[in-house]
Amino acid sequence: MTAARQLHPVPAVALVGAVLGIGSYLVAVTRAGVTARVAGQRLGLAAITVAPLRRARRLLGQQVTTTERPDSATWVLAPAAYAGLAALALSVVPLGPGTAVADVDTGIVVFGAAEVLAVVAFYLHGWSPNSPLALAAGYRHVAAALSYALLSMFVLIAAALPAQSLGIGAIVDSQAGLWNVLRQPLGLPLLLVVALGVTASGPLDLLDGTDLAGGGGAEDSGVQRLAWEGARAVMLVAFAAGAAAVFLGGWHGPLLPGWAWMALKTAAVAGLLVVVQVQGARVSAERFVAVSWTVLLPLAFLDLLAAGVVAL
Amino acid sequence: MLSAFAAALAVTLVAAAAVAAAVVVARRRGPRPSTAPQRVPVLGGEQPPTHAWSRYHARYYPMALVFVAFEMEMMFMYPWAAAYVAEGGKALVEMGMFLAILSVGLVYAWREGAFRWQ
Amino acid sequence: MSSGAAADVAFVAFALVAVAAGYRVFRTDSMVRATFLLLASFLAVGAILVLLAAEYLGTALLFMMTVEMVVMALFMVMFMMNPAGLNPMAMVHQPRLAAGAGVAAGVALAGVAVVADFPDAPVAGSAGAVAALGAELLGPSMLVFESAGITLLATMVCAVVLSASRGRYGPTHDGSVAPPLDPGGDHRPTDDLVEPGGGGHGHHGSHS
Amino acid sequence: MAVRPTAGPVPVSVAAGPEAWASSQELRARPELEVATSPRHATVLVVAGPLPDGDREALDRTHDQLPHPRASVAWDPGTAVGEVVAAVVAADAELRRRPGEASEPDRLPDVDPNPWRGQGPHGQGGEGMMGGTPYGRAMAMTDEDRDGLALDALTVTLGPFLDPLPGGLRLEATLQGDVLTAAALRHPGLAIPAAGGAAAARRGLQWLAHALHVHGLGGHAARAAALAAELGRGADGATRASVEASLARLCRRLGRTGLWWTLAGQGELEGQGDARRRWEEALDGIAAHLSGQRAGRGADPGGGGGGAGRETGRVDPVDPVDPVDLEALGAALVGRTLDEAVVTITSLGLGTLRPVPAAREARR
């Protein structure tokens, strides 16, 4: 099953770094563009493409303020862990035929573990500043996270059924004939809900929500803020790549080389997510928890059952 | 297999270390340290009388407990998924039973209002 | 990674991380730090399991312990006085006894590891190990598997019974009793008493 | 107007007094600025006066919370938005030229909130488990709650310059977790000018800009703010018609954001329905003011999609609107989550659509 060409750690780091770096930049540019469009502001392409860079430069030169008695170590750990987990999630996703950093046999377990470990980052992001609004925002996002984590487990297990393996490479292989998005139509929408939660954005922007004056990020400034925003974008890229591999057939596609198909599909999922992020109104944590357990989770049951019947 | 995990671990640690280093350097070598009024948590101008850290009343504690049990049960399903096609109809029945058990727990928890804010 | 030597180095490194993080759990004042240090310790143990070619067990440990530690953090912060350790405090009780017990248990387990005669049958990678585990769960260990399912269902029900403050019929401390079937009436339905033909349609449908 | 294109939008934090708060929302339409949700995210503090005397210290604290390099710009009543924007951009350019020297120093003295007592064994000021003022503050103490648990109750005052709340409004909340177990609202008081027509519609659009921002729809908020600014430039019939058409388009766009679903059932108040109904009333009211129609005040709770320009549910542009009873509102917020409280307050249009009476000081 691990017939994939194994990358050495050094090129692996370079590959993941390049994908996440370029990907998160493109995500930031797309978000700037979509936001400007929704806002009805006519900004030139040049202004939109440099907007993320200008923003980063501004934050780099800014003081990193602190609060009266923060947990400084965990405050730094939150974005670091978040970015690291994005890299972990991406590392188990094959980016081309046989080109994965670590196409391990338990790919979807590691992918899911990265996703739930991100909850630790969310918790620490809200907890560390010792600030009431950040604390409330962190806790409500953890509630949402505990709800969506189950969805992704069901959806990924369903995708693993036809592949007879938990490895993501094998799941891509199993889609040579028919993509999972058609075979398991409920899977991708549910996984996109999870993606919104894992990136704490759009309808699930409960962690840094504007209704709590920035919530967990209310006390972040300068590089601290840049790191968190960057980690969020990076996680979006990693998750989009995972969704493209598991549901959109990964590298399968005519004419173009495999990696190009993978890049296109990842970009498509990421673009869709950015549009939802900009266009989605925040839902309250209490309502999301209720809906997630009583509507989305039964849908995930259904998805798994249907996938099971189809796979036999 | 091990080299794959080693590569994944390396990638994870490098990414985390890069971000952590950037933030730590910025905190250490930033323009200036925060002063007392600057350190007051953001509340829109007023000071908080107490620290925010407290025995925080997470309103969804029954949901968190149900989640732990649910999730533990789910961990059985991963290896089951890998063996599913090979085992055929038996596995389907097995899954039906499993989902039925989970559904009973889910319906019960919902009926008792475990998913509402307490 | 060339050989077993690298694996040995990795094992020692993860073991040290696990022990050091475990030790730090008892040296911090913050419940949050203690919880996540414990998580770090578990993550290192998970990595060791992967080194031992128990790929699924290792990654599953990663997954489960993360979730459990997050939930533990919620409850630790909820119920422990001074959860952030703003005032210093001792995180340990009976430290001597605990340390003695810990060292004794560690020595005993290490002794088992040294003395026991482990089977020496190297497996080629972990190919098929996950599927084999699944086949085991569906075959010989089916009973274990299903009874674990039932046990966890019981866990879920108990957790809800013990923790939910608002039952079906209102706050538990107000009794949380079912409303009367007929408006203004005093009769409350019970499981062993269903009114024949009365207003009991739908409400207790499962009993009819 | 020397807008330096190399800088990108300048993040500003707005500290607005009750009168200026509504019009300060029009800053959200400016591509040169980015209205930050927390002062920690801002480079320039825009002080939109006049401010009540009681808010001076709060202003200074908000100012000091900005990270260096920082500057502040005063927005006096009567100054055009364009001039303020130019001043902000100029201040930002100066900060980029000389980040060290140009950055404004603190306004409040660099003194710890409480002297450290040094009683704990590590000298950090605590005593026992919960006593003292470790690191300058006391610790929250336990209180009873509805689910029978006695956990810590945090008492905080949000406002007067908290971005999600109307300018000048203070929400004194006792929180257990994210649920309010006690709440009181204070506001210096603000009458809404009885003028109908374009002026009233403009205030409504200013409310809409803020409200959309609170719900996480920053792009839509900018569009609403742009409509308000357009009305400010001229209120002839053609402008009003074009703004009304744009508002109808915006409402259709909002239908795709899931906003109505998130609002439904939130912020129920006795006799006033839920937040969604109040939003629909407000949007209908804005449309009625724009079209200059006059009809009885009423609502169409069954209507969907916030349809501006619908035939039912017009708000009378001349009738004075009920002032908000802050005391009753504070009592109604008890038992809700903090985010629902914010959604409720937002949906009421305090300070833009409805007058706010000064809180009776006798209560405190």
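Student: How many residues of chain B are in contact with chain C?

Tutor: In this predicted model, 48 residues of chain B are in contact with 46 residues of chain C; contact requires C-beta atoms, placed from the backbone, within 7 Å. Local features need pLDDT of at least 70 and side-chain atom pairs count only at pLDDT 80 or more, while totals for chains, interfaces and linings use all residues. Residues are numbered from 1 along each chain as its sequence is written, and chains are lettered from A and ligands numbered from 1 in the order in which they are written.

Student: Which helix supplies the largest share of that side of chain B?

Tutor: Helix 3 of chain B does, with 12 residues; helices are DSSP runs (H or I, at least four residues), numbered from the N terminus.

Student: Turning to the largest nonpolar core, which residues touch the most other members?

Tutor: Ala86(A) and Val11(B) do, in a core of 335 residues. Such a core joins buried Ala, Val, Leu, Ile, Met, Phe, Trp, Tyr and Cys residues through C-beta atoms within 7 Å, buried meaning 20 or more other C-beta atoms within 10 Å of a residue's own. Helix 5 of chain A gives the most to this core, 25 residues.

Student: What does Ala86(A) touch?

Tutor: Not counting residues up to four places away in sequence, its partners include Leu20(A), Met235(A) and Ala15(B).

Conventions:
Buried ≥ 20, exposed ≤ 12 C-beta atoms within 10 Å, placed from the backbone. Helix = DSSP H or I, 4+ residues; strand = E, 2+ residues; numbered from the N terminus. Contact = placed C-beta atoms within 7 Å.
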